[in-house]
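Here is a walk through a protein chain for someone meeting it for the first time. Have a look at the sequence and the structure, and then read on.

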Amino acid sequence: MHLMSIEHISKTHGEKTLFEDVTFGVEEGDRIGIIGVNGTGKSTFLKVIAGLEPADSGNVSIAGGVRIRMLAQDPAFTPGETALEHVLGGNSPQLAAVRAYTAAMAELELRPDDAAAQGRLIAANARMDELEAWQMESEAKAALSRLGIADAYAPVDTLSGGQRKRVAMAAALLQPSDVLILDEPTNHIDNDSVAWLEGMLQKRRGALLMITHDRYFLDRVSNRVIELDRGRAYFYEANYSRFLELKLEREEREAASEQKRQNLLRGELAWIRRGAQARSTKQKARIDRYEALKAQPKKEAAAKLDISVASARLGKKILELDHVSMSYGSRSLIRGFSYIAVPEDRVGIVGRNGSGKSTLMKLIAGKLQPDAGSVTLGPTVQIGWFSQEHEEMDGSKRVLEYIREAAEQVRTAEGESVSATQMLERFLFPPAMHWSLISKLSGGEKRRLQLLRVLMEAPNVLLLDEPTNDLDIATLTVLEDYLDDFPGVVFTVSHDRYFLDRTVDRIFAFEGDGKVELYVGNYSDYEEQAQRRGSRDQAESSASAKPKAAAGPAAASTERERPLKMSYKDQKDYESIEGWISDTEESLAKVASQMEASGSDSFRLQELMAEQAKLEEKLNGLLERWTELSELAEKIEAQKKQ
């Protein structure tokens, strides 16, 4: 079903063309991802489609009866309303019935003997039955809960910016629409909520247009991609993975076409210079062809972000967290957590919103002091803090002033000395923007500027708090490459699974009640290990809760009919397993002894800790296998005596 048509729309901002002459249609079932570098006008593009901003030219046609809903980056709320009231604030008959029923219930509680109030409640109850709207309130509360809003009745005015965005998202998902438009829906939500949102959008009917820089999310949800690049729109019938392939093919074709044009132009120019006679008809046609070739606009390659910044030297001692504990009121965020950082550590920090991830980063940065335990930094550590808040940036300052506060010049990884203005250009801020007010920048441009400011200070320990929020995919890709070669230590709080898979080799997982677990590997490895452990715990819980069947004649008869026995492998394992357990315990004892002797060598200590974890996992497996085989041997022996 055709839902809407976008025809020849164009939009400029000052002298900059955001997009020009864009035409496409939206069908039911389309899930369109909008991609482009920061500042290309992606959010403006969606606002024009949603009818929230006018286009300079062109028009948007919407089919009759089609409902459009947009989740903006900065959603608006009615003063004083609660989270639940906002989610139920749509104009559908079902939502109106829920509100009427809630109001009637509240009125009757105040005046239980009022016949008119009783009549209104009966009428509201009948309307709820008629529209089958009883589940709407519970679905609204469930959506808020899944998005990390524990109190559905909390006034929106008291919530943080990220929480308000999640309330608005719950409303956008619950309230009926034929075209849903989402601007950065995965910002400010944790990994579990992102996975839940993926499932919701995959099942949703109608059409979806969204801006997101979460590449796994984009890959799994979208089936079309629109790329905005230097004022033009390119269309791909593909998800993100296929889009990358098609984009590479397009750029190769354009490069080949431009090369061919340049070769023709050089040939024609050489002919002209040899002295063509313009009075000949054939020669005049050739001159005209040369002029036409020269007049064709040159297709310039897109500017590339260049992150090449040196870092300060980092000594052997970097960071030690020694039995760190931290609480917020009566709630324990971190309890007895210890860790010793080693050179080139890459640590991802994950957990539900509010679990304490940013608190841990602030403890490392020295912005907070622990309730118990200690945080010790090495003498050469220079921390670069890339926070998720823009409040640290003074919007009244000029772009160049903000960067010069960090350094007038910086040395690149290649040893070259580069000025602040040159670094701005490398970070895709052309000279015309250098004296712009920070308040005039887009959200993504502010994040890119903030990243440059952090790197200009030449840190050797990077603390990245939600670095993927508002950074475009092109910038994230370059940042990932930069981190590959960064010689220092990186701690990253992120909900972007792709970014974590690409950049970290250890995970700190906040698992509730102050418990922080260390997992070796990237995010996908962590998910697999956590799922395996959860399945094992569930199986053990089920086994312990399952009542043992009473042994009766029928059961005894079955056992006699099917005599138990060990397989060849079981028998070999049973004969050898005690020796294996003994060897593993000896290895663990040796590692423990080596750890005591390596207390001053943090790098060696970290290696031994990893080896110890592997040996403990191996020992646990051997003990489980020994228990299984011992029980089987006892059953076989008991069966023989029957």
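In β4, isoleucine 6 has valine 60 as its bridge partner. That's one of five bridges that join β1 to β4, and these two strands run antiparallel. Strands here are DSSP runs of E with at least two residues, helices are runs of H or I with at least four, and both are numbered from the N terminus. Two strands pair if DSSP finds at least two bridges between them. Before going further, keep in mind that this is a predicted model: local features need pLDDT of at least 70 and side-chain atom pairs count only at pLDDT 80 or more, while totals for chains, interfaces and linings use all residues. Residues are numbered from 1 along each chain as its sequence is written, and side-chain values use heavy atoms, with hydrogens and water left out.

So what is the strand order in this open sheet of three strands? It goes β2-β1-β4, with antiparallel pairing. β2 (16-27) and β4 (57-62) stand at the edges with a single partner strand each, so one side of each has no neighbour in the sheet. On average, neighbouring strands of this sheet are turned by 10 degrees against each other, direction ignored. Axes are lines fitted to C-alpha atoms, for helices over the stretch in contact, and angles run from 0 to 180 degrees between N-to-C directions.

## The hairpin and the helix across it

Now for the other partner of β1. Strand β1 (residues 2-13) pairs with β2 in the antiparallel sense over eight bridges. You can follow the pairing along the strand: histidine 2 has glutamate 27 in β2 as its bridge partner, isoleucine 9 stands opposite valine 22, and histidine 13 stands opposite lysine 16. The two strands form a hairpin with two residues between them, and glycine 14 in the turn has a positive phi of about 65 degrees.

Helix α1 (residues 42-50) lies across β1, β2 and β4, and runs at about 50 degrees to β2. Contact, here and below, means heavy atoms within 4.5 Å.

## Rings that meet

How many aromatic pairs does the structure hold? There are 12 aromatic pairs. Rings of Phe, Tyr and Trp (its six-membered ring) pair if their centres lie within 6.5 Å; planes under 30 degrees apart count as stacked, over 60 as edge-to-face and the rest as tilted. One of the pairs is phenylalanine 337 with phenylalanine 508, edge-to-face at 4.9 Å centre to centre, with 75 degrees between the planes. This pair links distant parts of the chain: phenylalanine 337 is in strand β11 (residues 331-340) and phenylalanine 508 in strand β19 (residues 506-510), 171 residues apart. Both phenylalanine 337 and phenylalanine 508 are buried, where buried means under 20% relative accessible area, exposed over 50%, and partly exposed in between (1.4 Å probe, protein chains only).

Tyrosine 519 and tyrosine 526 have ring centres 5.0 Å apart and planes at 75 degrees, so their pair is edge-to-face. Both of these tyrosines are buried. There's also an aromatic cluster made of Phe19, Phe24, Phe45 and Phe235.

## Arginines to look for

Arginine 220 sits over tyrosine 216, 5.0 Å from the ring centre, and arginine 448 sits over phenylalanine 429, 5.0 Å from the ring centre. (The rule: NZ of Lys or CZ of Arg within 6 Å of the ring centre and within 35 degrees of the ring normal.)

Is arginine 204 buried or exposed? At 19% relative accessibility, arginine 204 counts as buried. You'll find arginine 204 in the loop between α7 (191-203) and β7 (207-211). The side chain of arginine 204 makes a polar contact with that of serine 177 (2.6 Å); such a contact is a pair of N or O atoms within 3.5 Å, and within protein, one must be able to donate a hydrogen and the other to accept it, with residues adjacent in sequence counting only if both atoms are side-chain atoms.

## The chain as a whole

The protein chain has 20 helices and 20 strands. Buried residues make up 44% of its 642 residues.
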